[in-house]
Amino acid sequence: MNNNQLQTNGPVYDNAGFRHEEGRSPPYSQTQGTYPYLPQETPSYVAVSPKPINTHQTTTPETPPNTEQKKGINKCPWQNILCGSLFVLAILAVVGILLWYFLYYQCLLGKSCRRGGKCLSPSQWCDGVKDCSHGEDEAQCFRLHGTNFILESYSTDSQSWMPVCADNWDNNYGRAVCDQMGYRRQDYVSSSQTSAGSIALRGYMKLMAGSNHESRIQSQLIYSPVCSARAVKLRCIECGESSAAPSTRIVGGTEAVNGAWPWQVSLQINGQHVCGGSIISPNWILSAAHCFQKYSDPSVWMVYSGKVRLSAFSFGSGKRVNKIISHKGYDTETSNNDIALLKLNTPLTYTGTVKPVCLPNIGMDISAGQQAWITGWGALRSSGPSPDTLNQAQVTIYSRETCNTPEVLDGAITETMICAGKLQGGVDSCQGDSGGPLVVKQGNVWWLAGDTSWGIGCAWRNKPGVYGNVTYFINWVYEQMQNE
């Protein structure tokens, strides 16, 4: 956190563990709009190599016309027939290979399992039957929508998402769905009812008569144009609650009080703070992939929580890390996909100062102009001293269009990133803040919008900080939680 402008000639990058190459060309062609909502699917693309161009052409003397060919005379007709047949066979072979590739491997008529290339018809997705060897066809069948936590189910018939009707629904079904989404049953909060609003225009998914919560719930839901009750509101975990409000207005960073940001953790090696992170469940911490490029061994890391002063953590009293899952698409050159999950050896115990932040739901509006908060034990200025007490700062989220202008970040912001700070300078994350949270408050709870990724300097004018776009990665996050 910084409110001092550092006057230097070249860029200084704000997060330990990541450095951009100076003078690189922008990896991203600028598009309009703000950060995207959760993509429904990730399309697959097939790269087609262009035909080589012969740049060394020579002039060939013109061949006199063959008078016999002009008259339709062919001395060896069988050669033409053979060549023509071979050509047709070659074309058919190519077409056959392409058809096999697209229809079976790429699975254009349905969906494919991630491993093995098995192609499933749309009706086999979320039908309650595990068709893929790793179960991914039944893994992403439920999601939560908006700040009201409306439960949505994927409809195989319409191949779309619909709210779940609360008719005959109870906590047993809610607990089963939360468990299927990747949360622990013992952390379950409640199922209630709420208005579905415009997302119910196409109807609902409703429990069939005689349903049983012991079986996969998605196989027991059918389409219904109406619902005699309202939509299911599902809380799988108590999240996003703070016991102390931050100050309403700041210029630079200010010290946080205990309980204001109960999801903030310190990731340490040998008792030294290295990166930040956010509690998203008792077993899981969300951070940045670049924190673990050099130290990828889980056994060297400890996770400390519940206090605002680093000196208050006693060495060895934190939680050990069982597994580090960095996004496979993380690019050290562009910082694309800078997100990671840490699974703890033993779960955290919730207290007034140890609580999870809410993962963003589909349909939430996290866009340009919104105010957000960043927290961390990072340096107070570029290459400056780090505080013992957790600092907090309020920042503005900017559109990707604004951030990609030449005078700001010159095309470096992709859809996997969020750009936030103060264009006038003075407020930013800095070294040691990496992996820590960027949060927004909506619906009276706090949501994790981003993880601290990279930046140019600390609090420079027209150089806002860059954060991993958690909304973009939400399917990936749930997938890891389900697999583990």
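Modeller: The model is predicted, so local features need pLDDT of at least 70 and side-chain atom pairs count only at pLDDT 80 or more, while totals for chains, interfaces and linings use all residues. Residues are numbered from 1 along each chain as its sequence is written, and side-chain values use heavy atoms, with hydrogens and water left out.

Biologist: Why is Ser 160 called buried?

Modeller: Buried means under 20% relative accessible area (exposed is over 50%, partly exposed in between; 1.4 Å probe, protein chains only). Ser 160 has 9% relative accessibility, so Ser 160 counts as buried.

Biologist: What makes the Ser 160 and Ser 158 side chains a polar contact?

Modeller: A polar contact is a pair of N or O atoms within 3.5 Å; within protein, one must be able to donate a hydrogen and the other to accept it, and residues adjacent in sequence count only if both atoms are side-chain atoms. These two side chains make theirs at 2.6 Å.

Biologist: Which residues of helix H5 are buried?

Modeller: In H5, residues 474-483, they are Ile 474, Trp 476, Val 477, Tyr 478, Gln 480 and Met 481. Their packing partners include helix H3 (171-181) and strand S12 (272-281). Helices (H or I, at least four residues) and strands (E, at least two) are DSSP runs, numbered from the N terminus.

Biologist: What makes something a cavity and not a pocket?

Modeller: On a 1 Å grid over the protein atoms alone, a cavity is a set of points where a 1.4 Å probe fits but cannot get out; a pocket is an open set with protein on both sides within 12 Å along at least five of seven lines, and lining residues have an atom within 4 Å of a point. The whole structure has 2 cavities of 30 Å³ or more.

Biologist: Which residues lie nearest the centre of the largest cavity?

Modeller: Phe 149, Tyr 183, Ile 237, Cys 239 and Tyr 478, out of 14 lining residues. The volume of the largest cavity is about 100 Å³, counted as the space filled by probe spheres set on grid points joined across faces, edges and corners.

Biologist: How about the second largest pocket, which elements line it?

Modeller: The second largest pocket is about 490 Å³ in volume, and H3 and H5 are the elements giving two or more residues to its lining.

Conventions
Contact = heavy atoms within 4.5 Å.
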